[in-house]
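Here are some friendly notes to read alongside the model. Take the points in order, and keep the 3D view open as you go.

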Amino acid sequence: MNGRDNKEPEWFGELKGSPVRVPGWTMDKIKRTEEKATATSARGQRAARRRRFVFAGLGGAAVLVAAILLAGPWTHPAKSDPNAALSPQPTPPAGTEMPPANASEEISPLPAGTDEEAIRLERKPGKLGDQLPFQSGEVVAITVKGPHEGEEVPVPQERLFVILQSLWWIDLPVAIIDGDAIHSPNVRKLVFSTEKRQYALLYDPDFNAFGLIDGGMRFLADDRVWMLMQSLTNPASPWAELDGILERARIELENTDKFIDEETETLDRDRFRVNGRDYVEWETQFKLLSSGRQFYDSLTGSIGLIQSMGEAVRPDVFKFGGTFVFATDANATPDGIAVGLTSAETLERLGEPNARTDTKWSYRMGDYLRFHLIFDAGKIRYMMLTMPA
Amino acid sequence: MEDAHWKYVEEMDAAAFRELMLTYGQDVWDLAFVLTKRHDLADDVSQDVFLKAYTSIGSFRGGSSVRTWLLAIARNTSLNYLRTAFMRRAILMERVTTDSTSPSAENEAISRSLSGEIWEKVLALPFKLRESLILYVKYELSVREIAGLLRISEGTVKSRLNRARTQMADRRKEERAYER
């Protein structure tokens, strides 16, 4: 079914038309959209004119102030720390400390090898994928090299899509952050291999950011790249363990014919509160934290935070795009569902899940599967609350 | 307007904007409706999609077709609307319950508006299966295109399509058995 399947059932033909009898998109709606576009455009032009006026005024004032200062006794050489971040970064979540680079070694920015072409990008809106020198389907391998010479790890074939799709959907002006990946002590080089050539980009795990080989730009990756790279570059971290098990669940799901059981009842959503909180209430809890690692959320086109709560070595709760993961028995549901319970104990307290594979059981809340149990060696290893869809 | 023409457009004039909406509007609306299962949300999503296209046509570089580009925006916008609605309902302490044994008036109205019984079965599919199936069947995207649009692996697309087909076949079989 990679291209198109020739053996299509006859009901496929019934889905070629519109799902509704009366077309939903009408001339009325077209006109309303046009009016809104015109109004938005007019507002934008007025705002741009105001900005030009303000900048002109500020520019004049700045020239005057500069002239006064230069002529006066207040002039002194500015001191600045070249290593200071230009904008504050949240502190990284627990358990993500990288093995420290040897401070006495000279930091190498990992230049492109003789067979590698440095990827060059322009800071312009739109999909970053449109600027890449290759199509995602052309990439046959991705290798993670560094931080020291000779160190390299291949990205598993079945995970290439994680990095490629993250890159593809990045909107650069949104994802760019201050600083330069080439200065990071833990920077890695990503080498993308096609049939004909190899291309190179940097990845800075300290900031979850891609960077250009020649420097000059650093931009955020998404949360799934972050977790994959933790698996590859920091395998002892709790995030790497989480990534490994979730990947196992994903592969099981790909290979299963039947996942959802239509006959299983939907339980009251209050039974899925974890420590008395639902998804939104956990969201509120995490907003109180200042720590986190930034990621580019391609769904919303904005910046999100990867966070954790609890001890550094073994966090109690992880948070990433639309998902809370409860990793210890510090948190439980009203039925006492918690990390450590066996599958038999779970069935006794909660009943059959609405959907299941060996590793992942999922329970429905409303229209969506939103409470999940991840099993390892017959016991709950993680509980998860997710956003709809 | 030819697909290739759009990648050279830096700003849209009124005529081009009208043409874009006339050409692709129903496709966008249909996808928004299938994903949100609501007429009003489909209206809002469609408007948002074209407003975004209006302001960001300059960023379209022709890496995909214009239709695929618009469908990707429609899918993301639909999902964002659903999640925002979920957060708002939860914050306002409203409980939205779905009881399959007694459809609400809203569900009945949607049911009556559908163009065929097949669509009732499609709308009853879980979101992830529904979106993959419709992108494949109605919009005739390839597995690779769907994987890129949904940011999942091709294996996951194939798996979802297989499960969607199985569920649809099961429901149709049940219906035929009931009618006998």
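How many residues of chain B are in contact with chain A, and how many of chain A with chain B?

1. **The meeting of the two chains.** Please keep in mind from the start that this is a predicted model. In it, 75 residues of chain B are in contact with 66 residues of chain A. The area buried between chain B and chain A is about 6,500 Å², and carbon and sulfur atoms give 57% of that area. On the chain B side, the residues that lose the most area to chain A are B:Arg83, B:Arg151 and B:Arg165. Together these three make up 11% of what that side buries.

2. **Which parts of chain B take part.** The largest share comes from α8(B), with 13 residues. Sorted by class, the side of chain B that touches chain A has 34 nonpolar, 21 polar and 20 charged residues.

3. **Polar links across the interface.** Between chain B and chain A there are 30 residue pairs in polar contact, counting pairs with both residues at pLDDT 80 or more. The count of salt bridges between chain B and chain A is 4. One of them joins the side chains of A:Lys29 and B:Asp43, with N and O 2.8 Å apart. Another pairs A:Glu34 with B:Arg18, at 2.6 Å from N to O. This second pair runs from helix α1 (residues 27-71) of chain A to helix α1 of chain B. Are its two partners buried or partly exposed? A:Glu34 is buried, because its relative accessible area is 16%, under the 20% cut-off. B:Arg18 has 28% relative accessibility, so B:Arg18 counts as partly exposed.

4. Have a look at B:Asp30, which is found in helix α1 of chain B. With a relative accessible area of 2%, B:Asp30 is buried. What does its side chain make a polar contact with? The partner is the side chain of A:Ser18, at 3.0 Å. Setting aside residues up to four places away in sequence, B:Asp30 touches A:Ser18, A:Pro19, B:Lys138 and B:Tyr139.

5. **Salt bridges within chain A.** Over all chains, the salt bridges come to 29. In chain A, A:Glu117 forms one with A:Arg197, the closest N and O atoms being 2.9 Å apart. That pair links distant parts of the chain, 80 residues apart: A:Glu117 lies in strand β1 (residues 116-118), and A:Arg197 in the loop between β5 (188-193) and β6 (198-204). A:Glu117 counts as partly exposed at 30% relative accessibility, and A:Arg197 is partly exposed at 35%. A further salt bridge joins A:Arg273 and A:Glu281 (2.8 Å, N to O). Here A:Arg273 is buried, with a relative accessible area of 15%, whereas A:Glu281, at 27%, counts as partly exposed. There is also a network of salt bridges that links A:Arg159, A:Asp243, A:Glu247, A:Arg250 and A:Glu254.

6. In soluble globular proteins, nonpolar side chains tend to be buried together. The largest nonpolar core in this model has 122 residues, and those touching the most other members are A:Ile163, A:Leu167, A:Phe192, A:Phe210, A:Phe219, B:Leu70 and B:Leu133. The helix α1(B) gives the most to this core, with 12 residues. Apart from it lies another core of 27 residues, among them A:Leu267, A:Phe371, A:Leu385 and A:Met387.

7. **One helix and one leucine.** To finish, zoom in on α6(B), which is mostly covered: 10 of its 11 residues are buried. B:Leu133 is one of those buried residues. Leaving aside neighbours within four places in sequence, B:Leu133 is in contact with residues of chain A including A:Trp11, A:Phe12 and A:Leu15. Its contacts in chain B include B:Val122, B:Leu125, B:Leu161 and B:Met168.

Terms used:
Residues numbered from 1 in each chain as written. Chains lettered and ligands numbered in written order. Predicted model: local features only at pLDDT ≥ 70, side-chain atom pairs only at ≥ 80, totals over all residues. Heavy atoms only, no water. Contact = heavy atoms within 4.5 Å. Buried area = accessible area lost by both parts, 1.4 Å probe. Polar contact = N/O pair within 3.5 Å; in protein donor to acceptor, adjacent residues only side chain to side chain. Helix = DSSP H or I, 4+ residues; strand = E, 2+ residues; numbered from the N terminus. Nonpolar A, V, L, I, M, F, W, Y, C, P; charged D, E, K, R; others polar. Buried < 20%, exposed > 50% of the residue type's maximum accessible area, 1.4 Å probe, protein only. Core = buried A, V, L, I, M, F, W, Y, C linked by side-chain atoms within 4.5 Å.
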